[in-house]
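My plan is to look things up and write them down as I go.

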Amino acid sequence: MTVFDPASVRPLFPPLARAMSGRPVVFADGPGGTQVPTAVVSAMTAYLQQSNANTGGRFATSQETGAVVARARAAAAALLNASADEIVFGQNMTSLTFSMSRAIARTWKPGDEVVVTALDHDANVAPWMLAAEDRGAVVRTLPFTLPDCSLSVDALTALIGPRTRLVALGYASNGVGSIVDLIPLIAAAHRVGALVFVDAVHYAPHGVIDVRALDCDFLACSAYKFCGPHVGILYAKQKHLEALTAYKVRPSTMVAPGKWETGTQNFEALAGLSACVAYLGSLAGSPVGSPTATAERDPFARSTLVAAMERIAAHERTLSARFLEAAARIPGLRVHGIADPARAAERTPTFGITLASAAPHQAAERLCEHGVFVWDGHFYAKGLVDQLGLADAGGLLRIGFAHYNTVDEIDRVVSELQALAR
Ligand SMILES: Cc1ncc(COP(=O)(O)O)c(C=O)c1O
């Protein structure tokens, strides 16, 4: 694998050239939403200028729109290792999870059980709590383990049983970046006959997703977290898409996956999604030992996307290790979750930190004055901030990097944090 150099893609992202007080801005806000390359913007504009129509008509622009949807489904399927008819689009992950949870909950009986975790974003908690309330089901919450902020198979096994109908798990923490070892957790849930719904929103920009290898029943993510437009993507095993009843207007299709898509889709975003997946595919580099140029690879081929995401992950491990090594030397700075640079592969480059010298919101404001954009608060990871005991202290300062961030930017953020700590 050739090493990924972010300098090769930064010119494709005009926002990254933004400056404040004569200094380039550091976008360390990726977990809240990444920047978008020009190719994505162009694809969205081209769709609206040339092919804008609704689907199902007997005229050219309508048929082109149908092709845009089909292409986006194939692109998302390649990214997740699914088949195109297992991909459902929606407004965002939260809306898709609410609608799927309502459909799944129709199969529950009073006294059935559902498991959520304290590590998850509330978009993978509240829909299940509300669905359980509607059906008289019981909600059990799996705490996360400290200090890593991860999930234990033993703790899950102790919580589930024959009445467990669904386990909702996150792939990685959007607050502290820990990657959850999902396969044994999913297998444990399946052993008691429960379905598993995975929130991959935070993980998706940072690594390879393979729904077949995970064997999850459902997995949701959002393109705006991996350099695409604002559109949600839901994978579900075909048997579930077919068997479950969708809330749907009567004359529309009852054939999956369209059966799960309500109203008119955001076609321009779907055009942008395909361009986004093609952009990711373009990062695959040349296969080692082969003269094949990147441009000759099919950007939508699964193997291309796997190579691209592995290259991204390797670069991000370098960023993580660099940040963690430097952070350990800043007095009063605490990294919550995995802080050992040697364990960079077990986390995303998203750092939830606290500083002795400043509350998270004060630190975020100060960093902004110095051209560093970061988040503070709970980021809807309510259970995380509660279990860490930080709810009353303003939560966390979240510094989150993406593949387009550079080692120099890490060093710049570190020096701003050193100044804040003084
Ligand atoms: C881990 C995680 N899950 C779910 C969501 C919600 O995603 P969406 O905005 O697509 O509803 C987010 C958004 O920040 C997230 O980080």
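First, a term: I call a pair of N or O atoms within 3.5 Å a polar contact; within protein, one must be able to donate a hydrogen and the other to accept it, and residues adjacent in sequence count only if both atoms are side-chain atoms.

**Ground rules.** I am reading a predicted model, where local features need pLDDT of at least 70, side-chain atom pairs count only at pLDDT 80 or more, and totals for chains, interfaces and linings use all residues. Residues are numbered from 1 along each chain as its sequence is written, and side-chain values use heavy atoms, with hydrogens and water left out.

**Histidine 315.** I found histidine 315 in helix α10, residues 302–327. Helices (H or I, at least four residues) and strands (E, at least two) are DSSP runs, numbered from the N terminus. A polar atom of the histidine 315 side chain lies 3.2 Å from the backbone oxygen of histidine 403. Is histidine 315 buried or exposed? Histidine 315 counts as buried because its relative accessibility is 8%. The cut-offs are under 20% relative accessible area for buried, over 50% for exposed, and partly exposed in between (1.4 Å probe, protein chains only).

**The ligand.** Next I looked up which residues surround the ligand. I listed Asn92, Met93, Thr94, His121, Ala123, Asn174, Asp199, Val201, His202, Ser222, Tyr224 and Lys225. To be near, a residue needs one of its heavy atoms within 4 Å of the molecule. By class, I read four nonpolar, six polar and two charged residues in this shell. Ala, Val, Leu, Ile, Met, Phe, Trp, Tyr, Cys and Pro count as nonpolar, Asp, Glu, Lys and Arg as charged, and the others, Gly among them, as polar.

I then checked distances to ligand oxygen atoms. A polar side-chain atom of threonine 94 lies 2.5 Å from one. For an N or O atom in the tyrosine 224 side chain, the distance is 2.5 Å. For a polar side-chain atom of lysine 225, I read 2.6 Å. How much of the ligand does the protein bury? Taken alone, the ligand exposes 390 Å², and the protein buries 89% of that. Such areas come from the Shrake-Rupley method with a 1.4 Å probe; for residues, only the protein chains shown count as cover.

**Two cis bonds.** I looked at the peptide bond from leucine 146 to proline 147: it is cis, with omega near 5 degrees. Proline 147 lies in the loop between β6 (138–142) and α5 (153–159). The bond from alanine 256 to proline 257 is cis, with omega near 0 degrees. I placed proline 257 in the loop between α8 (238–243) and α9 (267–281).

**Two positive phi values.** Phenylalanine 379, a residue other than glycine, has a positive phi, near 50 degrees. I found phenylalanine 379 in the loop between β14 (375–377) and α12 (382–387). Tyrosine 380 lies in the loop between β14 and α12, and its phi is near 65 degrees. Phenylalanine 379 is buried at 9% relative accessible area, whereas tyrosine 380 is exposed at 55%.

**Serine 415.** My last stop was helix α13 (residues 407–421), which holds serine 415. Serine 415 counts as partly exposed because its relative accessibility is 35%. The serine 415 side chain reaches the backbone oxygen of arginine 412 at 3.1 Å.
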